[in-house]
Structures are given as C-alpha cells and as structure tokens.
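Work through the exercises below with the model open. Each task is followed by its solution.

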Amino acid sequence: MQVGIDLFVLRKSWLHEIDPRVKLFFVAVSIIILLVFKNIFFMLTALVLLHLLHWSAKIPRDRILFVWKTLMPVAILICVLWVVFYPAGDPLIQIWMVKITLVSLAQGAVLGLRIMTMAFVVFAWLYSTDQPSIVRSLVKLKMPFEWGLILALALRYIPTFQGMYAVISEAQQARALNISEGKGFGRVRTLMPIFVAMVISALRASDQLARALEARAFGAHGVERTYLRDISFRPLDWVFTFAIFATALLLLYLNFRYGFGRQPISLF
Amino acid sequence: MADEPMSSQTDTICLETRDLWFAYGDNPPALRGISLTIRAGDFVGLVGQNGSGKTTLAKHFNGLLRPTQGQVLLYGQDIRDRPVGELARTVGYVFQNPDHQIFSATTREEIAFGPRNLGLEEAEVQRRTEQAMEHFDLTEYADHQPAVLGFGLRRKVSIAAVYSMRPQILILDEPTAGLDWHCTHDLMERLTALHRQGHTIILITHDMRLIAQYTPRCMVLREGKLLLYDDTRKVFEHCDLLRETHIELPQVCELARELAPIGVRRDALTVPELCDSYADLIARREVTNAGGH
Amino acid sequence: MSKIIVVEELSYAYPPAIPGHDPVWVLRGVDLEVEEGEFVSIMGPTGVGKTTLCLALNGIVPQSTGGLIKGRVLVDGLDTKREPVPQLAQRVGVVFQDPETQLFNMSVEAEIAFGLECLGVPRDEIKERVSWALAVVGMTGFEDRPPFQLSGGQKQRVAIASILAMMPKILVLDEPTANLDPLGKAEVFSVVRELRHKRGMTIIMVEHESEHIAEFSDRVIVLNEGRVEMADTPDKVFSQVDRMREIGLAVPQVSELADCLNHRFNSQLNFTQFDEALRTLKGQLDGR
C-alpha cells in the first residue's frame with residue numbers, strides 16, 4: 001500500500017460529506033481534550049470511539065492498521081521510558097534498579113494512548129478530506145491562498161522527491177558508492193553525492209514548476225480568484241459544530257470542577 | 001557487406017539470465033521468465049514500450065535489482081551475493097537523466113568519483129579520468145562545474161563518469177533522449193568505438209533508427225517477456241510484430257518493404273542500403289531496356 | 001492575414017550561473033514573424049536557445065528570469081517585456097517538456113481548472129471549459145484521476161488541455177514529446193494534428209522529430225548560434241541535407257534518401273513525407 005501521498009480515501013460517508021472546517025475544529029478541540037485528560041479509562045474509551053468513527057466513515061481496515069503500525073512503536077517506547085524513569089507509589093515488581101509501579105504503568109499507558117488517539121483524530125480528518133478541500137478550508141479560514149498552494153505543492157511532490165531520491169541513490173551505487181558505509185558524520189559524508197545531486201535536481205524542478213505556474217496565469221493582478229470546487233456550510237455542519245463544542249465544554253467543565261479524568265486510574 | 005556494423009563479439013558469454021522473474025512489491029510481475037545470453041563484445045539494442053521491463057531487466061545486470069525468482073550470471077557466476085559496488089567494476093550503468101548523478105564541483109572530480117570508489121591508486125584514478133575525458137571530448141571542460149554545463153555535455157559527463165570505472169559491460173538507458181542529431185550521432189560513434197575496443201554495450205532506446213544503424217543485435221521486450229532477440233536485420237523482419245508492440249520502424253525500413261514487390265531489397269536498414277538497392281534496380285532496368293531495343 | 005508574433009532583433013543573456021562571470025548571450029539577434037493561424041516548427045541544436053525563445057514569447061524571459069535583453073517581442077500587439085506574465089498567459093499558452101513539473105494538482109480536473117481559477121473565470125464557465133478541453137485531447141472521463149498516476153502521453157495531453165482551457169490564441173509546445181516513449185509521442189502528435197486541422201490556432205512547436213515536423217508545419221525555423229538561420233517550408237529546409245548536417249540537425253529519412261539518390265543520378269528529387277516518397281520512387285520505376 002502506498003501511503004504518504006494519497007492519504008485521502010475516496011468513499012461516500014457522513015464524515016466525507018461534512019465541511020472540512022468542521023473536521024478541523026474537531027481535530028483542534030479533540031487535541032485539547034486529549035492533552036487535558038490523563039485517565040487511562042478515558043483514553044481507552046476515546047480510542048474505541050475513534051475506531052467507531054473510522055469504521056462509520058468506511059475507512060478500510062488496512063488504513064487503520066497503517067496508523068497502528070506507524071505510531072505504535074513510538075507509543076510503546078514513550079510508555080516504557082515513562083515506566084522506567086518516573087516510578088511513583090509502591091512498586092509492583094522490582095527488576096534490579098527498575099521499579100515498576102501501578103501508577104507509573106497507568107501514566108505510561110496514558111502517554112502512549114494519547115499518541116494513538118491523537119493520531120486517529122488527525123487521520124480521521126486526513127482520510128476523509130481530499131487535499132483541495134483541506135487547502136480550500138484553510139484558505140477560507142483566512143490563510144493566504146499562496147500558503148495553501150505551497151502546502152498542496154509540498155504534499156503533491158512528496159512522492160516525486162521520494163522517487164527522485166531512490167533513483168539518485170541507485171545511480172550513485174552504480175558508481176560503486178557504498179551507501180551503508182560510515183557512521184554518524186562519516187555516513188553523512190558517504191551520502192553527500194546523493195544529497196547534492198538531489199538538491200541540484202530539486203532546484204531544477206522547482207525552477208520548471210515556477211515557470212509552469214506562471215504559464216497558468218498564477219499571480220494575475222486585479223483578479224479575484226474563483227474556485228471550481230467550493231465548500232459550503234450546511235445546516236448539518238452547524239449541528240456538528242455545536243455538538244462538538246457542547247461536548248468539549250461539558251468534558252472540560254467536569255474536569256476543572258470535579259477533577260474528572262485527572263487521575264491516572266480513578267475517574268474522579 | 002561493407003556497411004554492416006562491425007561486431008567484435010566473441011564466444012564468451014558475459015551475461016546470462018535463467019528464468020528471471022521479478023515483481024516490485026506486491027505488484028504483478030514486471031519480468032516473466034526471461035532467459036537470455038549476451039556474448040562478450042556484443043552491441044545490443046534493448047527496445048520495448050515504457051513498462052515493458054527494459055529498465056527493470058537492465059538493473060538486474062548490475063545487481064540494483066535482485067530476481068524474485070531465477071538467476072543472473074556474470075561470466076558464468078551467479079551474482080546473487082555480490083554487492084552493486086563490486087559488480088560496478090564489471091558492469092557500468094548510465095542512468096537516463098544525467099542530473100540524477102551529477103554532484104561534483106568540477107567535471108574532473110565527477111569523473112574520478114567512480115574509480116576512487118573502486119579503491120584504485122590515485123595515479124590510476126587520474127589516468128582513467130583523463131582518458132575518459134579525452135574519449136568523450138570533455139577535457140576543455142575539466143575544471144567547469146558539471147551541473148551548469150549544457151544538457152548535451154552533462155549527458156557526456158554522466159557517461160564518462162561510468163566509463164572511467166572501465167567496466168567490460170556498459171549499459172546505457174536512453175542516452176540519446178533529448179539530444180539533437182549531431183550529439184546523438186557523435187555519442188553513438190563514441191560508443192561504437194568502445195565496442196570496437198571490445199566492450200560489451202547494451203543500449204536501451206526507443207529510436208529504431210539508431211538500432212538499425214549501430215547495434216548488430218537487438219532485443220525486444222513486451223509485457224515482461226522476451227519477444228524477439230536476434231541479429232538486428234532478422235528482428236526487423238518481424239515488422240508486424242514490432243508494430244503491434246507500438247515500435248515505430250524507421251521510414252527507410254517501411255519504404256523498403258513497400259518497394260520490395262518491384263525489386264528493392266526488403267531488408268534494407270539504412271538510407272545508403274536502400275539508396276544502393278534502388279540505384280542497382282534502376283541500373284538493371286536500364287540494361288534490360290537497352291538490350292530489349 | 002496579420003502578424004500575430006513579431007520578434008525584432010531579439011538578443012538575450014541569462015544572469016551568469018556563477019556570480020561575477022560574464023553573461024553568455026543565448027539569443028543574438030533573432031528576427032521572426034508568424035502569421036495568425038500558422039503552424040511553425042522550431043528546430044535547433046541542443047542548447048541553442050529554443051526554450052529561451054519560447055519563454056520570451058510569454059514574458060517569462062526576461063520578466064522572471066532577469067538577465068540582459070535587447071530588441072523586442074510583440075505578441076498580439078503586446079510587448080512581452082512589459083505586459084505581466086499572467087496577462088500574457090491568456091494569449092500565449094506554453095506547454096513544457098517535462099510533464100512531472102507542469103502538473104502540480106491532485107486531480108486532472110483541478111489541473112485544468114487551475115489557470116481559469118487564477119483568471120477569475122466564473123464557476124459554470126470553468127466547468128464547461130474543463131470538459132471541452134478534456135474532450136479536445138481525448139481525456140474525457142479522467143477528471144478525478146491524479147495526474148501523476150497517468151502515462152507520459154496522458155500527462156502531456158492533460159498539460160495541453162490545461163493550457164487550451166485558457167483559450168490562448170497562440171499555443172507554444174516546447175519539445176512536448178522529448179520525454180515520451182513512441183506510444184506517448186503518437187498520442188501527443190495526434191492531439192497536435194487535431195489542433196492543426198480543426199481549430200486554426202497559431203501553433204509554435206519546438207521539436208527534434210523531423211518526420212513529424214515535415215507532416216505538420218507550414219514553416220520550419222532553424223535556429224543556429226543564436227540566430228534564425230533558415231525560415232522556409234519543410235520542403236525547402238529538408239532538401240538542404242548537407243547544411244542541416246553541418247548545423248547538427250536531423251532531416252526526415254526520406255529526405256536523406258532523396259539527397260542520396262540525387263547525388264547518384266544528378267536528379268532533383270525532393271520529398272519530405274513518406275507517402276510522397278513512395279509515390280515518387282514507384283513512379284520513377286514505372287515510368288521507365
């Protein structure tokens with residue numbers, strides 16, 4: 001499966017239909033909530049709900065597995081490091097110098113789960129929104145069109161540059177460059193012939209790209225840009241926005257007022 | 001024939017594939033059971049549409065790709081365990097786009113990069129570099145920045161930079177793409193000179209005019225299979241099969257076929273050949289006509 | 001007929017690649033006039049400034065590239081030194097050699113709409129023009145496909161459509177088939193053939209493929225050493241086989257053959273196209 005460029009999954013689902021700005025709002029609010037809450041059961045529930053969200057948006061299983069495969073190593077690493085370096089409370093077991101406590105286990109798990117839940121929030125947005133819509137929504141949120149274009153171009157040319165790197169690396173290996181040679185700085189030196197050729201090629205490509213943009217009347221003065229595909233807020237989008245807002249407010253109120261979800265293990 | 005491309009091939013087999021299969025990841029196979037031999041000293045044209053597997057096959061010859069199934073043998077030995085860097089001593093591979101390898105501050109350094117990687121003594125590196133620059137007429141650009149030279153020169157630098165490793169076998173992926181007539185033929189002459197010195201040359205191209213004029217042997221791939229592999233003249237006999245593969249025959253070859261019924265040699269490959277044959281025909285007619293009266 | 005392109009004494013030098021070096025003049029006094037509706041091919045050795053001349057027609061040279069310029073270029077009455085490039089883009093559309101760097105959108109539809117959006121064309125009209133342009137290049141039904149997944153020939157057809165949609169009076173094709181395989185070349189040339197015969201656009205095509213130049217062109221311009229060396233019908237240009245060789249350019253194989261036979265028989269054969277050659281060669285024999 002080629003992920004990296006076309007993260008977007010073309011499906012017909014309610015999540016695909018929502019205005020991208022609502023999804024962006026959901027991502028922002030969810031990240032705040034996930035940073036505020038520190039309870040393992042809250043995180044587990046969130047994780048289950050997010051899987052339901054992906055499932056209801058008809059995101060295929062391999063895309064969900066992709067998120068797990070990509071981020072689980074980081075999540076586990078963070079969890080283990082926390083457990084090893086920040087013991088709190090009575091040790092459950094002690095192996096040599098390392099104390100493992102129930103509290104630090106739960107705290108570590110929360111940190112790990114936070115990575116996963118945040119990832120699923122962001123990927124729900126990316127999987128269900130095509131790039132023109134993402135750019136369009138950012139521009140509607142008052143980001144300058146040029147920035148949006150640069151973002152879109154960056155995403156568009158990731159696979160091109162990946163391919164370029166692969167070819168250049170092969171071309172230099174064919175000239176007997178041993179790319180696995182050296183460590184640290186030595187390795188950087190080994191890879192220089194690839195990096196330099198890459199930079200030269202990229203400069204050439206960006207020069208051509210700039211010309212192509214100009215040939216398509218990019219930067220025309222005194223013209224208000226039109227859009228073939230536009231996005232518009234429908235009544236349902238207002239409903240979702242309100243629901244997200246209300247839920248977030250409720251959760252944050254419970255958290256600040258009653259300490260809901262502040263402890264690693266107990267809910268209050 | 002006087003204008004038959006000279007072939008310095010020997011009976012030694014330098015490259016061989018046995019039932020070679022290859023697939024990129026989970027994709028359908030790009031090569032489907034290719035078995036072939038290339039003799040040392042051959043000059044082989046490798047043709048086929050994009051996606052037919054030309055480049056994929058060629059990358060197996062220097063180990064950049066490894067067979068999913070089957071074997072590649074270099075001088076009779078399986079190259080399975082030999083790294084690309086070591087194979088580069090024997091098999092040189094010039095990539096399609098010169099900009100994908102040029103990185104040095106001077107042309108001289110660029111060309112010395114390969115030999116240096118081979119661990120040769122500095123004197124030998126210098127000797128080979130100067131000789132490669134001479135062969136490709138680059139000496140006057142030795143101290144120029146190769147990245148800002150014109151396209152035709154960058155192309156020659158990229159070939160010289162592989163040739164300087166003195167590989168017995170030289171593979172070139174579409175080296176004439178984007179070059180004008182003069183640069184194209186200049187380059188082909190230089191490759192022919194290397195061929196005469198005994199190098200084995202494998203030329204990937206779409207230009208059948210070059211195959212007709214320069215390469216005595218020709219290999220045609222279609223959908224990952226070896227469709228034709230023979231002396232160029234014999235391959236060109238299968239013009240229907242070639243057209244089916246969307247390979248465009250040179251105008252001269254098409255013309256020879258159309259004129260064959262009236263007595264022109266059907267297998268003419270180049271302009272002089274067709275011209276000779278047509279001239280002969282007219283001369284003969286004149287003799288017959290004169291005799292008749 | 002009116003002159004839609006007038007190039008007078010155009011000389012141009014790019015800013016030196018290495019600062020402090022002397023500028024190198026790529027074009028050295030190019031004179032050229034093109035009639036409205038004409039099909040003109042430009043040939044020239046590698047590095048002679050063919051691309052530079054194309055870019056001078058839509059103002060990218062010198063407006064974006066900088067450098068030194070002398071003389072002037074008038075396109076549809078506008079001076080390309082002064083008229084902003086985006087404004088010129090509506091009159092002169094340029095299709096470049098490399099498909100990868102001129103297709104920068106995520107769908108074919110967005111690609112073709114891009115120029116129109118920049119020009120502020122109303123949405124309904126964009127829709128119409130997108131489907132029209134796709135139909136012209138035979139790519140209807142590809143709207144939602146990402147351009148980078150298409151074949152080389154398809155990519156170049158999309159690139160042509162993205163320019164056609166802006167409805168320029170002049171179409172400039174800068175080596176549109178140089179990066180393509182024979183199948184892709186054939187696809188692009190069939191689009192060019194269609195434009196040539198049905199639409200009456202002014203077309204400037206830079207190419208090395210002399211056989212196709214012979215087929216399409218009203219006139220062939222040969223650039224050499226920064227100047228226009230020849231500007232004539234394909235018949236006249238391609239019959240000068242020796243001169244073309246000296247410059248380093250290809251002529252169609254049938255023209256080479258005509259030249260070869262002329263040397264043999266001291267005859268005056270001149271053909272640039274396959275059918276013409278076949279007819280003449282058969283006729284010569286039958287006639288005897």
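**Exercise 1. Count the residue pairs in polar contact between chain A and chain C, then describe the side of chain A that touches chain C.**

Step 1. Chain A and chain C share 17 residue pairs in polar contact (both at pLDDT 80 or more). A polar contact is a pair of N or O atoms within 3.5 Å; within protein, one must be able to donate a hydrogen and the other to accept it, and residues adjacent in sequence count only if both atoms are side-chain atoms.

Step 2. Turn to the elements. Two or more residues each come from α6 (131–140), α7 (145–173) and α8 (185–215) of chain A. Helices are DSSP runs (H or I, at least four residues), numbered from the N terminus. The largest share, eight residues, belongs to α8(A).

Step 3. Sort that side of chain A by residue class: 17 nonpolar, six polar and nine charged. Here Ala, Val, Leu, Ile, Met, Phe, Trp, Tyr, Cys and Pro are nonpolar, Asp, Glu, Lys and Arg are charged, and the others, Gly among them, are polar.

A note on the source: this is a predicted model, in which local features need pLDDT of at least 70, side-chain atom pairs count only at pLDDT 80 or more, and totals for chains, interfaces and linings use all residues. Residues are numbered from 1 along each chain as its sequence is written, chains are lettered from A and ligands numbered from 1 in the order in which they are written, and side-chain values use heavy atoms, with hydrogens and water left out.

**Exercise 2. How many salt bridges link chain A and chain C?**

Step 1. Apply the rule: a side-chain nitrogen of Lys or Arg within 4 Å of a carboxyl oxygen of Asp or Glu.

Step 2. The rule finds five salt bridges between chain A and chain C. One pairs Arg123(C) with Asp230(A), at 3.3 Å from N to O.

**Exercise 3. Describe the interface of chain B and chain C.**

Step 1. Take the area. About 3400 Å² is buried between chain B and chain C, with 65% from carbon and sulfur atoms. Buried area is the accessible area (1.4 Å probe) that two parts lose on being put together, summed over both.

Step 2. Find the main contributors. Trp181(B), Gln251(B) and Tyr278(B) lose the most area in chain B to chain C, together 21% of what that side buries.

Step 3. Check the charged pairs. Chain B and chain C have two salt bridges. Arg209(B) bonds in this way with Glu211(C), the closest N and O atoms lying 3.1 Å apart.
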